[in-house]
Amino acid sequence: PDEQLDLDDGRWEDIHVVTGALKLFLRELPEPLIPFSHFDKFIAAIKIQDLSLRGRCIRDLVLSLPPAHHDTMKVLFRHLCRVVEHKEENRMSVQSVAIVFGPTLLRPASEEGNMAMHMVFQNQVVEHILNHYGYIFPD
């Protein structure tokens with residue numbers, strides 16, 4: 001219900017606890033941040049060979065998301081871009097962040113099919129959005 005969190009509590013000082021809580025929150029959503037209805041569209045878009053066409057497709061797909069999904073994604077990815085800016089200290093490159101968040105943000109409605117193959121593309125979608133944040137979310 002209306003749980004009060006004390007962010008001054010020492011356990012929140014460990015960044016892994018905070019990251020784990022964020023990932024758990026995103027994974028427990030009834031529908032992923034990228035809705036099930038968009039999963040196949042994003043996977044198809046990331047497979048497009050023509051890089052500029054791929055970029056436009058992914059940007060348009062992000063724009064087509066429901067406002068709550070789009071706006072949350074914008075804030076989350078802005079934060080993840082800041083995490084990547086500090087990769088020398090935190091060892092979280094674009095690829096690392098994509099591996100951690102790809103399957104959480106983007107997953108098929110049913111777990112059948114080639115999960116390993118899906119994961120490669122899920123990670124590539126997250127990587128693409130991180131690498132092209134300014135184009136996908138112009139201010």
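**Contacts, salt bridges and exposure**

Mentor: In this predicted model, Y135 touches G55, R56 and R59, leaving aside residues up to four places away in sequence.

Trainee: What makes these count as contacts?

Mentor: Contact means heavy atoms within 4.5 Å. Y135 touches G55, R56 and R59, so each of these pairs meets that limit.

Trainee: Where is Y135, and why is Y135 called partly exposed?

Mentor: Y135 lies in helix α8. Its relative accessibility is 36%. Buried needs under 20% and exposed needs over 50%, so Y135 falls in between.

Trainee: R59 came up among the contacts of Y135. Why is the pair of D60 and R59 called a salt bridge?

Mentor: The N to O distance between the side chains of D60 and R59 is 3.4 Å. The cut-off is 4 Å, so the pair qualifies.

Trainee: How do you know that R59 and D60 are partly exposed?

Mentor: R59 has a relative accessible area of 22%, and D60 has 41%.

Trainee: What makes D139 and K74 a salt bridge?

Mentor: Their closest N and O atoms are 3.1 Å apart.

Trainee: Why is D139 called exposed?

Mentor: Its relative accessibility is 85%. Exposed means over 50%, so D139 passes.

Trainee: How many salt bridges does the rule give?

Mentor: The count is 2 salt bridges.

Definitions and conventions. Residues numbered from 1 in each chain as written. Predicted model: local features only at pLDDT ≥ 70, side-chain atom pairs only at ≥ 80, totals over all residues. Heavy atoms only, no water. Buried < 20%, exposed > 50% of the residue type's maximum accessible area, 1.4 Å probe, protein only. Helix = DSSP H or I, 4+ residues; strand = E, 2+ residues; numbered from the N terminus.
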